[in-house]
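Please read it alongside the sequence and coordinates.

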Amino acid sequence: MLSRVADSIYWLNRYVERAENVARFVDVNLNLLLDAPPGMEQQWEPLVRTTGDQAMFKARYGEASAENILKFLTFDRDYPNSIISCLRSARENARSVREVISSEMWEQVNSFYLMVNEAADVGLLSELHNFFPEVKMASHLFAGVMEATMAHTEGWHFGQLGRLLERADKTARILDVKYYILLPSVTDVGSPLDDLQWIALLKSASAYEMYRKRQYRITPQGVTEFLILNREFPRSIQFCLIEAERSLHCISGTPTGTWRTGSDRALGRLRSELDYLTIEEITERGLHEFLDDLQNRLNEVGANIFSDFFALEPV
Amino acid sequence: MLFDAYDPGDFFDELFLTQGQPRPEADLLVKRVNALSLVDLQQRQQAAQNALFKLGVTFNVYSDNQGTERIFPFDVIPRIVPGHEWEWIEKGLKQRIYAINCFIHDVYNEQKILNDGVVPRHVVESAPGFLKPCMGLNPPNNIWCHITGTDLVRDKDGTWYVLEDNMRCPSGVSYVLENRRVMKNTFPHLFAAMDIAAVDDYASQLLETLLNLVPETLINPRVAVLTPGMYNSAYFEHSFLAQQMGAELVEGRDLVVSDGYLKMRTTKGLERVDVMYRRIDDDFIDPKAFRPDSLLGVPGLMEVYRAGRVALANALGTGVADDKLVYAYVPQMIRYYLDEDQIIPNVPTYLCEDATQQAHVLDNLDQLVVKATDASGGYGMLVGPHASEEQRADFSDRIRANPRGYIAQPTLCLSRVPTLIGDRFEGCHVDLRPYILYGQDIYVNPGGLTRVALKRGSLVVNSSQGGGSKDTWVVRSIDPNAQLPIQGGGVKE
């Protein structure tokens, strides 16, 4: 398969997944704020911090008001990671590989883009609580259409790889939102407010019901363990890494548990470390520090995929 | 009864002899359409347009970076070519393509036709499409122009003429295929009752034409379509043809010359490309051999090509035959290489480089069409009768300054086909571009793209200038016992 084509399918999926996750972590924050007691200061700045694009936000908007941040993350056409920009990039990538992907995939990403574009033209921030669920659903639809209409060959695996790595990274960031928001004073831990916040967090990852089935009580440790180490829940980081690794090995042809390329090694190593980690160890080290390091390691995997498959130079 | 009010007027109409009197091949179509209400027909028209948009049969508009795709307007009333007439056209096109191919091979090799003075040497050597680096090239089977889209027009008296040859990268064939697909849904009963020549094997024929270029010893040759990229106006077609043939769609940045071969960058390393259907002009294809500023091509490709390690369709250098001054000599080529008379005539052409003819052109600018010899697609031309005094003065100056650069032709009154505009039929001018493939034999796809000028009275049919398209039906016979629905019914029959 052409490197450019593989690269486009990979990014098509990353961008769709990214748009979905931006919708998710803005949504969790909206929900958290709704539950906050009146008078409590609204915390929006942490959202920008989790994207890692604070400098750009400062330069373009200055004040970290709710309105500015919502605009920045959803409809700002000049900010490359806003929902609208993600969809534009996803569509461009899809358009350049239309003869490789199924026409149903193209149609879905195209109507997804048109839906977001229309919302952006209207630009009503008060309608966002309807908009975010629509974005999530459109993204699920895309993933489902791809699953059901594209042959599960090399190109499909590149798409999976893109989607799962992106999701692992963004689940880590969603967890981080909680870290920034809480800055818990000791007295808050375990309070009803704290509990509500963890529930909102689970809901934002569509994880609330699945979590309940696994263990009744909602505890900080339980939630973080579920979202990081669970092997069966499709938005947990470890699930994403396991499935991403499976696709990577289908592409490279290397048996699982061994490595030949840099990507095999970087991803395999990360996945196996998580296999043997406990949540106690993570907490001991510091959740934020752990998530930060995880994101760096995921970037490293991405860089390896780029040099192993996409950036081929003739000898 | 929609056609009752349609007046073909003082034009050659492709469907009607006179008002209320359809041509025999169009009779059934006219009956069928007359059985529909206006609303029904409009719905069918809308449904066809929607289907094309959904299929993604679009062209790109450069200046607009938000929603860059537009649909090429489509009209549901087809143009009909009677079978016997088509046989004659097919014969004429085969003759022409064969002769022009001989000519291209000759001018890049022995140059017999130039040495014999049949075509003046300076005409060829001054043509911008004549590429010195191609001298001595021997493409497989000596075939240069594998894919051609010849533009034909019909004058007021119904005479067919060849307007242009388009030997470089003619586009539009994807519309032929997709228009037909949509039309089968629009008028299924007519397709059942009439023997309309099928067009669907174009992609298979194209693939065979390309595979014909690799030596038989090569097992599993790799075929690729080279596109300038998704911002090109014909990108849909490049992508469509690659998909229909199962070929790889590549851009210049996917390709590299390595170990003396053309290779593409894949996730498993570099892989050889054996045949390439290139949709990039000669000038841009290799920055080392031609335009150094080109980012679209592949540095070093020319060397690989010259060594015979990759086949290109069309061959490099075919653009020489697109020059409008060279075009004027096609009758002589046919006589020279085939010892035959030209079947489909050229449009009478005045050569501005000849002093006498130039004087005539300058005296009659208000009646002639002047064309730059190196332009195409409706650019660089003056339609005398529709031009202002100023424009004509401007072209006079240009012709005097560069006589080699211009030819002139009489303004043809193009034939018309009824076209649904708003709530009625209007006669709109059309041309016809059949697609011809030269592989083992010469194959002419039956029909071709009928382009229609949708602006009232306009003679310009190009998509960039407000043109649309119609399906073209080559009708071989009609079932005399055909039963058609009398009433219109829903959107589909």
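This is a predicted model: local features need pLDDT of at least 70, side-chain atom pairs count only at pLDDT 80 or more; totals for chains, interfaces and linings use all residues.

## The parallel sheet

In chain B, 4 strands form an open sheet with parallel pairing, and their order is β11-β10-β15-β16. Strands β11 (248-250) and β16 (311-313) of chain B stand at the edges, and because each has a single partner strand, one side of each is left without a neighbour in the sheet. Direction ignored, neighbouring strands of this sheet are turned by 25° against each other on average.

The pairing of β15 (residues 275-278) of chain B with β16(B) runs in the parallel sense over 3 bridges, and within it B:Y277 has B:A313 of β16(B) as its bridge partner.

## The helix across the sheet

Helix α8 (residues 202-211) of chain B lies across β10 (223-226), β15 and β16 of chain B, and its direction makes an angle of about 110° with β10(B).

## Antiparallel pairing around β22

Strand β22 (residues 424-433) of chain B is mostly covered, since 8 of its 10 residues are buried. With strand β21 (residues 416-421) of chain B, β22(B) pairs in the antiparallel sense over 6 bridges, and B:I421 has B:R424 as its bridge partner there. These two strands, β21(B) and β22(B), form a hairpin with 2 residues between them, and B:G422 in the turn has a positive phi of about 65°.

Strand β22(B) is also joined by 4 bridges to strand β25 (residues 449-453) of chain B, again in an antiparallel arrangement, where B:R433 stands opposite B:L449 in β25(B).

Definitions and conventions
Residues are numbered from 1 along each chain as its sequence is written. Chains are lettered from A and ligands numbered from 1 in the order in which they are written. Two strands pair if DSSP finds at least two bridges between them. Axes are lines fitted to C-alpha atoms, for helices over the stretch in contact, and angles run from 0 to 180 degrees between N-to-C directions. Two residues are in contact if their C-beta atoms, placed from the backbone, lie within 7 Å. A residue is buried if 20 or more other C-beta atoms lie within 10 Å of its own, exposed if 12 or fewer, and partly exposed in between; C-beta atoms are placed from the backbone.
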